[in-house]
Amino acid sequence: MASEPPPPLLSVTDLHKSYGRGSARFDALRGVSLDIHRGESIAIVGKSGSGKSTLMHLLALMDAPSSGTVRLEGKDAATLRGRHLNRTRNKTFGFVFQQFFLTPSASVLENVVLPLKIAGVGRAERRRRGLAALAELDMQDKANNKATALSGGQKQRAVIARALVNDPRVIFADEPTGNLDSATGAVVEDILFRLNREHGITLIVVTHDDDLAARCDRRVQIRDGVIVAEERSAA
Amino acid sequence: MKTGDLVTTAAANTFRSKTRTILTVLAIFVGAFTLTLTNGLGTGINRFIDDTVSAIGSADVLTVTKTGTGAAASGEPQKYDPEAVSAANTNPGRPGATATVSALTDADISDLRALPGVAAVTPTKAVQIDYVQVDGGDRYVASASSLIGGQTPQLAAGSAPDGATDALQVAIPESLVGPLGFADAADAVGATLSIAVSDPVRTQHVISATITGVTEGAFASATALTTDPALEDALFAAQNTGVPADQLDRYASASVTLSSSTPQAVDEAKTALTDAGFTGQTVSDQLGTFKAVIDGIVLVLNAFAVIALLAASFGIVNTLLMSVQERTREIGLMKAMGMGSGRVFSLFSLEAVMLGLLGSLIGAVVAIGVGTAVSAQLGQTLFSDLPGLQLIAFDPLSILVTTVAIMAIAFLAGSLPAARGARADPVESLRYE
């Protein structure tokens with residue numbers, strides 16, 4: 001038994017997801033199976049409406065599939081409910097969105113420690129870990145600035161600090177560079193891959209940017225709700 | 001999320017959109033201000049009545065009359081009752097009340113003494129004073145009221161007549177101090193007052209008594225003297241000079257002191273009195289009608305305040321619905337990060353409660369300020385004849401109840417938007433394609 005390899009971090013089998021009913025029914029995913037291992041960086045590539053965002057939502061346990069199973073470390077996610085599900089999501093995942101989703105009126109530090117606040121971490125501990133995460137991204141001097149006062153690249157770095165603050169095992173990055181110019185985008189990409197290398201955080205990038213996808217260990221091409229191609233980098 | 005964080009986050013969120021918050025709080029403020037003020041009005045007037053009641057008589061003293069044979073207000077012909085006396089002579093009587101009661105005789109007094117729970121019975125001797133005078137000065141009309149056991153008159157100077165001695169003592173009302181020729185209230189204490197009464201054959205008898213104190217005029221008549229039992233007996237005897245002995249023991253009413261002043265004991269005594277053919281009333285019974293009217297008025301005013309609060313609660317609903325709408329993304333993000341629906345509901349509910357708290361606190365503080373200023377001003381002008389009246393008084397308990405009630409209304413108003421926020425689907429909220 002001991003020789004058996006550990007189950008993949010995330011594993012989905014024959015995933016279907018449809019929205020609506022009858023003639024308005026729309027099948028976003030039509031049978032997707034995928035294993036994601038610890039420390040991997042994987043790009044989910046596809047056009048708008050291909051189902052890549054739906055797949056990310058299902059992987060992040062934000063939504064339940066119509067059929068098929070999502071396993072987190074071998075455990076069926078359908079068995080996770082309510083408080084337990086929320087806790088798992090809070091401790092396991094970090095999110096980086098294209099649109100940042102920073103609360104404009106709050107300070108950068110307050111934005112960064114939001115996951116810790118939700119987890120119920122004490123104030124002093126929150127501040128310590130929030131500042132550490134900001135330091136990791138060379139943002140400690142901006143801690144008390146209002147989130148609106150940041151440039152696009154700084155905002156995205158604040159968002160990455162927020163994703164990082166709770167020591168997640170997986171960071172979901174949905175078009176992380178979509179709103180940035182190419183120079184700033186490259187910096188943000190470097191940061192994400194450095195975290196992947198140095199902290200062993202599994203990186204799941206959803207993008208239609210081929211250059212970003214090319215930097216990942218593995219690329220999964222998705223079209224019309226099915227995986228059409230899967231390729232691994234030579235390195 | 002910890003409850004403490006939830007509260008501070010809600011408080012911070014309340015001030016995110018300042019103009020909207022201020023306008024909503026203002027709407028609640030109007031209701032809270034009105035409610036605090038009207039409650040204060042009720043508290044002030046009722047407190048004044050309570051103070052005055054303890055000045056007129058204590059809780060364990062009943063004024064007992066014999067239940068009359070006919071309805072005085074009835075226009076129908078009534079049979080002659082040889083025992084009937086006019087209740088206008090009873091004291092203390094309700095202002096403006098004219099009723100005919102049957103006289104109490106010494107036999108009735110004995111019956112009363114025998115009733116359970118009765119500690120003492122004092123027949124009220126109605127005395128009609130012709131005039132009062134000091135050192136041959138101007139003569140003034142006055143009435144007399146006897147000191148009932150346990151009564152604590154509000155005194156401007158000196159002390160109340162001592163009921164335990166045989167000395168003839170009297171306390172005069174403040175309004176008679178100047179007319180009788182005294183410089184001030186303290187000057188009157190120790191002086192001798194001449195009191196004249198007429199007997200049935202119109203012979204005037206003058207009796208001298210020592211002034212021991214000066215009473216503040218309030219609900220009690222402005223010209224009522226407070227006499228001790230010895231003086232009352234002397235006046236009564238003088239007034240009935242020449243009356244046949246078997247007609248002497250006619251009393252309009254009697255004061256019955258109970259052995260216990262608990263509401264239950266008072267109720268039992270009243271029942272016993274009714275069964276024995278008497279009617280017993282405490283001073284608070286007699287003033288109960290006043291209080292009922294005041295409570296009624298306060299209730300109506302409160303109803304208006306509650307209508308204002310209802311209008312304000314729709315403001316809360318509107319404010320929070322806008323807030324939920326604006327923060328859809330934020331709610332989605334928090335839910336994606338593992339915040340439960342219950343906590344999202346709590347967060348928005350707390351924001352509603354925070355609005356209610358702000359409105360009611362500001363309302364209460366401003367109402368206390370305005371109410372205190374207004375009643376101080378009125379106390380010097382319109383109500384200067386009623387010393388001790390603070391028209392608008394504030395009771396911490398009723399302010400606390402008002403605040404909690406407004407917060408509860410705010411919570412109810414906030415529950416609809418909060419439920420909408422809690423239901424939000426993170427996937428739907430975070431969609432931007």
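Two strands count as paired if DSSP finds at least two bridges between them. Strands (E, at least two residues) and helices (H or I, at least four) are DSSP runs, numbered from the N terminus. This is a predicted model, where local features need pLDDT of at least 70, side-chain atom pairs count only at pLDDT 80 or more, and totals for chains, interfaces and linings use all residues. Residues are numbered from 1 along each chain as its sequence is written, with chains lettered from A and ligands numbered from 1 in the order in which they are written.

Start with chain A. Strand S1 (residues 10-19) and strand S4 (residues 67-72) run antiparallel, joined by five bridges. His16(A) faces Ser67(A) of S4(A) across this pairing. Both strands belong to an open sheet of four strands with antiparallel pairing, in the order S2-S1-S4-S5. Its edges are S2 (26-36) and S5 (75-76) of chain A, each pairing on one side only.

Now turn to the interface. In chain A, 21 residues are in contact with 18 residues of chain B (C-beta atoms, placed from the backbone, within 7 Å). H2(A) gives the most to the chain A side, with five residues. That side holds seven nonpolar, nine polar and five charged residues.

Within chain B, the axes of helix H1 (residues 3-14) and helix H9 (residues 341-380) come within 8 Å and cross at roughly 55°. Axes are lines fitted to C-alpha atoms, for helices over the stretch in contact, and angles run from 0 to 180 degrees between N-to-C directions. H1(B) and H9(B) are therefore oblique to each other; angles under 35 degrees count as roughly parallel, over 145 as roughly antiparallel, 65 to 115 as roughly perpendicular and the rest as oblique.

Technical notes. Two residues are in contact if their C-beta atoms, placed from the backbone, lie within 7 Å. Ala, Val, Leu, Ile, Met, Phe, Trp, Tyr, Cys and Pro count as nonpolar, Asp, Glu, Lys and Arg as charged, and the others, Gly among them, as polar.
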